[in-house]
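These are my notebook entries on a structure that I looked through chain by chain. I put down what I looked up and what I found.

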There are 4 protein chains.
Amino acid sequence: MMSRGVKAPELMIASWLNTPEPLVLENLLGQVVVLHAFQMLCPGCVSHGLPQAAAINELYRSDEVQVIGLHTVFEHHNVMTPDALKAFVHEYGLTFPIAVDQPSETGPIPVMMQKLNLQGTPSLVLIDKAGVIRLNHFGRVSDMQVGNMIGQLLMEGDESLDLVKASGAKNKTPYVGQRGAGGCRI
Amino acid sequence: MMSRGVKAPELMIASWLNTPEPLVLENLLGQVVVLHAFQMLCPGCVSHGLPQAAAINELYRSDEVQVIGLHTVFEHHNVMTPDALKAFVHEYGLTFPIAVDQPSETGPIPVMMQKLNLQGTPSLVLIDKAGVIRLNHFGRVSDMQVGNMIGQLLMEGDESLDLVKASGAKNKTPYVGQRGAGGCRI
Amino acid sequence: MMSRGVKAPELMIASWLNTPEPLVLENLLGQVVVLHAFQMLCPGCVSHGLPQAAAINELYRSDEVQVIGLHTVFEHHNVMTPDALKAFVHEYGLTFPIAVDQPSETGPIPVMMQKLNLQGTPSLVLIDKAGVIRLNHFGRVSDMQVGNMIGQLLMEGDESLDLVKASGAKNKTPYVGQRGAGGCRI
Amino acid sequence: MMSRGVKAPELMIASWLNTPEPLVLENLLGQVVVLHAFQMLCPGCVSHGLPQAAAINELYRSDEVQVIGLHTVFEHHNVMTPDALKAFVHEYGLTFPIAVDQPSETGPIPVMMQKLNLQGTPSLVLIDKAGVIRLNHFGRVSDMQVGNMIGQLLMEGDESLDLVKASGAKNKTPYVGQRGAGGCRI
């Protein structure tokens with residue numbers, strides 16, 4: 001049934017950060033995969049895309065939703081090197097696995113970026129439990145929309161009606177507690 | 001089956017704004033209902049809760065997700081009157097249906113606020129397609145978490161695997177287009 | 001020399017909040033006066049104007065810069081009453097003196113609003129040490145611009161070259177310390 | 001008299017961006033100089049410091065207030081190179097003059113960073129019309145405080161009482177006009 005969308009191509013990666021060994025999509029079947037394509041010198045990635053990826057990584061258990069950063073350099077290749085990325089990831093405190101896209105032998109656009117047919121950065125690619133691409137979006141997506149789509153993908157093929165459990169959330173209460181000022185308690 | 005949670009009590013409302021006729025939960029079975037309890041002079045409602053309710057109302061089709069504001073006055077009764085609420089709703093440009101909770105005859109806490117056992121404002125109550133309360137939360141919830149939970153509730157009992165259609169989103173592309181600066185196009 | 005601008009008209013006020021006795025402009029000569037005109041149901045006042053007035057009140061010593069809120073109701077008179085304002089000021093935690101503009105006997109625009117020729121709310125009126133109006137602005141002004149103008153008004157007629165002392169700032173270090181993440185220390 | 005503070009040391013710079021020829025502090029006497037020290041991979045510089053420097057550059061005329069970015073690399077030297085900085089400045093659309101601090105021959109801290117005794121990035125250094133350092137601050141400073149201090153420095157030695165002219169603002173109205181929603185016009 002899952003016929004809409006196309007099967008996500010397997011990852012072809014030059015090197016990894018934040019993971020003891022390379023991630024393989026084939027091994028992630030059964031989980032929702034969030035691929036966040038970015039460049040370290042792309043303002044929209046730094047201000048919006050990467051914080052959103054970090055928030056997804058924070059909200060869900062990694063055995064339910066696997067966040068993967070994908071560094072897809074298509075400009076300024078000489079300065080957005082793996083070493084520069086490593087310093088960037090350290091300074092920004094990113095903790096989810098980050099893959100360095102494989103440079104192309106024939107042009108500026110790296111391999112995965114071509115295979116995924118990305119239009120630029122930031123791009124958000126959502127892959128369902130069956131390994132099928134369900135969203136491939138260049139630019140900004142609101143947090144509410146991302147939550148909505150991941151929530152739906154988590155429910156596919158899931159019999160569970162336990163909202164908290166099914167949510168993949170890290171603990172029993174999948175919401176932020178009352179924080180800061182402003183709430184008016186009885 | 002769907003045994004967790006309790007059936008939401010039917011609405012007992014003094015008056016309505018933004019709807020030609022009163023809403024009845026019994027008639028909303030099959031839809032997800034988002035009840036946002038607020039007070040017009042509650043800072044957390046004005047800065048966070050009501051904008052979030054408006055964003056939910058904007059994201060989903062009303063025949064999939066019905067947003068209802070619930071004005072639950074439990075303090076400053078003499079100034080948070082229905083007339084004051086009407087001016088407030090006009091100035092803040094709120095367009096979703098808003099119900100004025102029925103004053104109690106015996107104390108400051110109005111009727112629905114008691115029936116729902118709310119602890120204060122803002123409170124977010126999520127009711128599933130079967131009319132069962134699945135979340136009852138006082139304070140702030142992140143947009144991503146709200147999207148995640150509504151997305152999951154929408155999928156319950158839904159055979160569809162069409163993410164866009166199932167999302168209840170108003171149009172085919174359930175995401176915000178590239179806006180503002182910062183995206184780096186190839 | 002101070003000939004530009006016009007002398008600010010003396011305040012004609014119906015009632016006061018947050019002050020043991022009425023403030024009189026004549027008694028404030030030698031200080032910079034920041035008049036913030038607002039309505040409690042005006043979204044721009046709640047989201048921007050009043051937080052800015054509170055920040056000014058926080059930054060400067062009150063014997064150098066006197067912040068005064070002016071509740072200038074020109075619409076929804078029946079619900080933006082002094083009692084409603086009192087609840088609003090309490091809930092939002094405003095601590096600077098707030099004056100209720102005197103209702104007009106002939107129309108909806110209250111007395112001070114007419115005398116100051118305000119166009120709406122929020123409006124920011126800056127009065128210099130000589131009692132002359134130097135800015136009368138309807139709408140949003142950036143924090144940097146407000147700081148710039150108050151800083152200049154404070155320097156007028158001041159021989160001091162001590163930036164910190166002259167600033168009217170409450171303590172020796174007129175800046176926020178390093179807060180939150182992001183600073184990179186050697 | 002201006003005896004407080006010390007004379008700012010003359011700039012010793014490896015290379016410049018965004019200026020046809022090197023800037024010399026001696027030539028800027030009579031103007032207020034805003035030195036913003038940053039590193040391109042410092043999160044606090046990217047999110048707060050550089051936007052504030054750009055806002056100062058936007059607000060004031062450059063013959064009254066000269067903003068200078070100072071790239072003071074003290075870590076990750078191999079990746080925060082002049083070429084990388086050039087790509088960064090291009091992507092972030094920075095338009096004010098930016099100086100690359102001269103590397104030290106003996107350690108990781110570059111020359112100007114040592115001479116100015118900076119503690120890290122971002123750092124804000126305010127130099128008055130007489131070339132004296134009046135503020136040297138590591139970390140975040142609010143926009144209102146920065147505006148206040150620059151406004152005061154602009155007034156020193158200025159006979160003018162014309163707030164708009166003296167402000168160094170680019171046009172007659174040194175404030176943002178009414179923008180966006182929320183203002184309530186009569």
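**Entry 1: Cysteines**

I began with the sulfur of Cys184(C): the closest cysteine sulfur, in Cys42(D), is 3.5 Å away, which is too far for a bond. I note here that the model is a predicted one. The cut-off that I applied for a disulfide is a pair of cysteine sulfur atoms within 2.5 Å. I then searched the whole structure and found zero disulfides over all chains. I also looked up the accessibility of two cysteines. Cys184(C) is buried, at a relative accessible area of 8%. Cys45(D) is likewise buried, and its relative accessible area is 0%.

**Entry 2: The sheet of chain B**

Strand β2 (residues 32-38) of chain B pairs with strand β3 (residues 65-71) of chain B in the parallel sense, over seven bridges. Within this pair I looked up Phe38(B), whose bridge partner in β3(B) is His71(B).

I repeated the trace in chain C. Its six strands form an open sheet with mixed pairing, in the order β1-β4-β3-β2-β6-β7. Here β1 and β7 (133-138) of chain C are the edge strands, each with a single partner strand, so that one side of each is left without a neighbour in the sheet. From one strand to the next, the twist averages 20 degrees.

Trp16(C) has Ala99(C) as its bridge partner in β4(C). Helix α1 (residues 43-59) of chain C lies across β2 and β3 of chain C, at about 160 degrees to β2(C).

Is Phe96(C) buried or exposed? I found a relative accessible area of 1%, so Phe96(C) is buried. This residue is in the loop between α2 (82-92) and β4 (98-101) of chain C. Leaving aside neighbours within four places in sequence, I listed the contacts of Phe96(C): Leu17(C), Asn18(C), Leu50(C), Ala53(C), Ala54(C), Asn57(C), Val67(C) and Gly69(C). I also checked Val111(C), which is 15 residues from Phe96(C) along the chain; their C-alpha atoms are separated by 21 Å.

**Entry 3: Backbone angles**

Asn18(C), one of the contacts of Phe96(C), has a phi near 65 degrees, a positive value in a residue other than glycine. Asn18(C) is in the loop between β1 (13-17) and β2 (32-38) of chain C, and is partly exposed, with a relative accessible area of 35%. His76(C) also has a positive phi without being glycine, near 50 degrees. I placed His76(C) in the loop between β3 (65-71) and α2 of chain C. His76(C) is partly exposed, at a relative accessible area of 23%.

I then looked up two cis peptide bonds. In chain B, the bond from Thr121(B) to Pro122(B) is cis, with omega near 0 degrees, and Pro122(B) is in the loop between β5 (120-121) and β6 of chain B. In chain C, a cis bond joins Thr121(C) and Pro122(C), with omega about 0 degrees. Pro122(C) is in the loop between β5 (120-121) and β6 (123-127) of chain C.

**Entry 4: The contact of chains B and C**

How many residues does each of chain B and chain C give to the contact? I found 17 residues from chain B and 17 residues from chain C. Between them the two chains bury about 1300 Å², of which 67% is on carbon and sulfur atoms. Leu41(B), Glu91(B) and Tyr92(B) together supply 39% of the area that chain B buries against chain C, more than any other three residues. I looked for salt bridges between chain B and chain C, and the count is zero.

Technical notes:
Residues are numbered from 1 along each chain as its sequence is written. Chains are lettered from A and ligands numbered from 1 in the order in which they are written. This is a predicted model: local features need pLDDT of at least 70, side-chain atom pairs count only at pLDDT 80 or more; totals for chains, interfaces and linings use all residues. Side-chain values use heavy atoms; hydrogens and water are left out. Two strands pair if DSSP finds at least two bridges between them. Helices (H or I, at least four residues) and strands (E, at least two) are DSSP runs, numbered from the N terminus. Buried means under 20% relative accessible area, exposed over 50%, partly exposed in between (1.4 Å probe, protein chains only). Contact means heavy atoms within 4.5 Å. Buried area is the accessible area (1.4 Å probe) that two parts lose on being put together, summed over both. A salt bridge is a side-chain nitrogen of Lys or Arg within 4 Å of a carboxyl oxygen of Asp or Glu. Axes are lines fitted to C-alpha atoms, for helices over the stretch in contact, and angles run from 0 to 180 degrees between N-to-C directions.
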